[in-house]
Amino acid sequence: MTAKILGLGAYVPEKIITNEELSKIVDTTDEWIKTHTGIEKRHIISEDQTTSDMAVAAAEQAIERAGINKEDIDLIIVATASGDYAGFPSTACVVQHKLGIQHTAALDLSAGCSGFVYSLEVAKSMLIAGSAKKVLVIGAEALSRITNWKDRNTCVLFGDGAGAAILSLDEDNSGSGIIDSYLGAEGDGYKHLMRKVGGAKHSFQDKDFSEEDLYISMNGRRVYGFAVKVNEIIINTLLERNNLTIDDIKIIVPHQANIRIIQAAAKRLNFPIEKFFVVIDEYANTSAASIPIALNKLSESGKIQKGDLILTSGFGAGLTFGGNLIRW
Ligand code: ACO
């Protein structure tokens, strides 16, 4: 028996920053951003919003579409790298409070942009183990709050938003659900994508840090190479160990970091680019929220039907990677 998705939801803030607007803040152009990343705009939270607000908006939509009572949820997992607070309390606890439910287990999962993919497998495992009956899984990020808006190498890449899913056991054996997941990490690459200051390694007490150390720092070329490599490994592994070929897969929902990463994966795998669902032009890279926002959009598009096979493929800080094989 496996775990299935009962309902999806997503939220992106109203405020949009276009490439053109960014070119007035840093030395860049709409042309450079579009040709190097595929991004056209990004949604950015307002000053009075935070990560948990977006998470709750996405969760409420998922709960409604799942047709469950929010009181039925007994586990909340929030995948985030930009939660309401640094370290603790978890954003999942704040989400529980804002949803107005009690006595659920609540935890944050830290796996960078792979966070939602990891969380689906954790939720599935806990459902199968009998530790929970209805799980709310959310990917939510307010990356704009930890972005260095003076650094053109990073500030053009990211956006804010949240996506959510309600999961339960597939008790009626419908065949829908998470068939397989492949998760991994290359910890030796931890330095290539990080926020240097604010943890135990470089605490605020040190006071010996520059302002830029408070924000996302990234070795873009190194992460790019990693991403292209692992996308191929994730997709091939999930296909091979389930005796499938690309023709069996309706669509792949990749982490939306850079259109060139997706194009490179398609080329290496010798798959048509149309097999990949792409929304990066609209939302930019929303880290752990990117795959659930795209999944929600795919579900709303009518492009997938019950019974279709879908692959997700993600990578991110850690460096982590992972994918899920899902029967709709
Ligand atoms: N506008 C104009 N020029 C720019 C910009 C910009 N916004 N950013 C960089 N450049 C310049 C660089 O300074 C460099 O100039 P130089 O040659 O004079 O030094 C030139 O463009 C080329 O730089 P590259 O780094 O080679 O640019 P590239 O084409 O590789 O694209 C990018 C950079 C977009 C960052 C790419 O490497 C990438 O997408 N990497 C992966 C990033 C990623 O996916 N990160 C998210 C991980 S997930 C998570 O957990 C958050």
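**Helix packing and ligand surroundings**

Helix H3 crosses helix H4 in a right-handed manner; a crossing is right-handed if the near helix is turned clockwise from the far one by less than a right angle, and left-handed if anticlockwise. The model is predicted: local features need pLDDT of at least 70, side-chain atom pairs count only at pLDDT 80 or more, and totals for chains, interfaces and linings use all residues. Residues are numbered from 1 along each chain as its sequence is written, and side-chain values use heavy atoms, without hydrogens and water.

H3 spans residues 51-66 and H4 residues 91-99 (helices are DSSP runs of H or I, at least four residues; strands are runs of E, at least two; both are numbered from the N terminus). Their axes lie 9 Å apart at an angle of about 55° (axes are lines fitted to C-alpha atoms over the stretch in contact, and angles run from 0 to 180 degrees between N-to-C directions). The two helices are therefore oblique to each other (angles under 35 degrees are roughly parallel, over 145 roughly antiparallel, 65 to 115 roughly perpendicular, the rest oblique). Contact (heavy atoms within 4.5 Å) involves Thr-51, Ser-52, Asp-53, Ala-55, Val-56, Ala-59, Glu-60 and Ile-63 of H3. H4 contributes Thr-91, Val-94, Val-95, Lys-98 and Leu-99.

A polar side-chain atom of Arg-221 lies 2.6 Å from a ligand oxygen atom. A polar backbone atom of Gly-220 is 3.0 Å from a ligand nitrogen atom. For Arg-260, a side-chain N or O atom is 3.2 Å from a ligand oxygen atom.

His-192 sits in the loop between strands E8 (177-185) and E9 (193-195).

How values were computed
Polar contact = N/O pair within 3.5 Å; in protein donor to acceptor, adjacent residues only side chain to side chain.
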